[in-house]
Amino acid sequence: MKAIIVNDEAAGAAGLTLTERPEPTAAINDVIVEVHASGWISTELEWPSTWVDRAGRSRAPSIPGHELAGVVSALGYGTTGLSVGQRVFGIADWHRDGTLAEYTAIEARNVAPLPGDLDFAVGASLPISGLTAWQGLFQHGRLQAGQSVLAHGAAGAVGTMVTQLAREAGAYVIGTGRAADREKVLDFGAHEFVDLENDALDDVGPVDLVFDVIGGEIQKTSVARIKPGGSLVSITGVIEARPTDGLVVDFVVEADRSQLAEIARRVQEGRLRTNIGTTTTLDDAVAAFNSGERAKGKTVIRVRP
Ligand SMILES: NC(=O)c1ccc[n+]([C@@H]2O[C@H](COP(=O)([O-])OP(=O)(O)OC[C@H]3O[C@@H](n4cnc5c(N)ncnc54)[C@H](OP(=O)(O)O)[C@@H]3O)[C@@H](O)[C@H]2O)c1
């Protein structure tokens, strides 16, 4: 099968190569998915899980890409709940070969049915950003109607989901970003916009929840804006500041079938919009990832035309 691999951790995106790989085989409780579309996050090549398995052994050359939408083509031993021919979408295991390939082996519990009226490209754009927003707001941040959210990077893939889900849940949303992001952030439903390049974060809030996708000084300034008993929810991997009276959670998103179904239902009903910035094909993906252009929104790779 055609697949994109990486072999050299130091090479970054320049080390991505389109090549031929053997088709994967299904392990216990796996499905094999014929990938129709894949989602891409440029920071993947910096994640340790791209380079080692769960025991810490090198897994180069590895196939990156962790979001997918496609069709189940085979079932592993013991797999239940899904059938061959079913449309699915979900998140591939961080430590296994991923979705920039014509086929991938994935645990069945990591995918959910993709409704027939949702395009594969839309399906592949939702799992990581949608589930990250959902889990950060509702599981870790325990957001309630009437609370306020400071949503950083609100024009980005995760931030647009945070903004929409928080607003629909009855929260007051203050979205942040670069000056040029103002219109997009307000269009995705933020009540207010803070221009991180020109406005003072100190003038914001206080808020019940800060959803941080940026870190650094922005995180440090933001914690002072959290109300007593509020939360800093971060996905940046490093907590650099803590509220004096509040909860801090830094987490990595997990696949969840029922949450994926909730997200798909909202998209079907027009309550949630995806934020696809760039679309390419598997053949053109290496060039697209090396173009030097900063992706705006989600990058989706159409693996099958
Ligand atoms: N832990 C987890 O489970 C998890 C899950 C998903 C994502 N992540 C991580 O979270 C981060 C965000 O992911 P994403 O997919 O939402 O990325 P994204 O689509 O690039 O969104 C990030 C947004 O923040 C903006 N931004 C970044 N730095 C900024 C700054 N200093 N001032 C103003 N705006 C700034 C970006 O603007 P520009 O594009 O103009 O820079 C962009 O609009 C990534 O590092 C990703 O690896 C973690």
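How many residues of domain 1 are in contact with how many residues of domain 2? In this predicted model, local features require a pLDDT of at least 70 and side-chain atom pairs count only at pLDDT 80 or more, whereas totals for chains, interfaces and linings use all residues. Residues are numbered from 1 along each chain as its sequence is written.

Five residues of domain 1 are in contact with five residues of domain 2, contact being defined by C-beta atoms, placed from the backbone, that lie within 7 Å. On the domain 1 side that touches domain 2, the residues comprise two nonpolar, two polar and one charged; here Ala, Val, Leu, Ile, Met, Phe, Trp, Tyr, Cys and Pro count as nonpolar, Asp, Glu, Lys and Arg as charged, and the others, Gly among them, as polar. The assignment places residues 2–126 + 274–302 in domain 1 and residues 129–250 in domain 2, with bounds that come from an automatic or database domain assignment. The C-alpha centres of domain 1 and domain 2 are 28 Å apart.

The protein contains seven helices and 15 strands, these being DSSP runs numbered from the N terminus (helices H or I, at least four residues; strands E, at least two). Its radius of gyration is 19 Å, close to the 19 Å that the globule rule gives for 305 residues, so the protein is as compact as a globular protein of that length; the radius is taken over C-alpha atoms, and the rule is 2.2 Å times the number of residues to the power 0.38. Of the 305 residues, 46% count as buried, meaning that 20 or more other C-beta atoms lie within 10 Å of the residue's own, with exposed denoting 12 or fewer, partly exposed the range in between, and C-beta atoms placed from the backbone.

Around the ligand there are 21 residues, of which Gly153, Gly156, Ala157, Val158 and Ile235 come nearest; a residue is near if its C-beta atom, placed from the backbone, lies within 6 Å of the molecule. The elements giving two or more residues to this shell are α2 (127–140) and α3 (157–168), and both domain 1 and domain 2 supply at least three residues each. By class, the shell holds 11 nonpolar, seven polar and three charged residues.

Helix α2 is mostly covered, with 11 of its 14 residues buried, among them Pro127, Leu131, Trp134 and Leu137. Leu137 is also one of the residues touched by alanine 166, together with Leu143, Val149, Ala151, Ala171 and Val173, when residues up to four places away in sequence are not counted. Alanine 166 belongs to helix α3 and is buried, with 29 other C-beta atoms within 10 Å.

Most residues other than glycine have a negative phi, and most peptide bonds are trans. A cis peptide bond joins alanine 60 and proline 61, with omega about 0 degrees, and proline 61 lies in the loop between β3 (30–40) and β4 (67–75). The bond from glycine 205 to proline 206 is also cis, with omega near 10 degrees.

Technical notes. Two residues are in contact if their C-beta atoms, placed from the backbone, lie within 7 Å.
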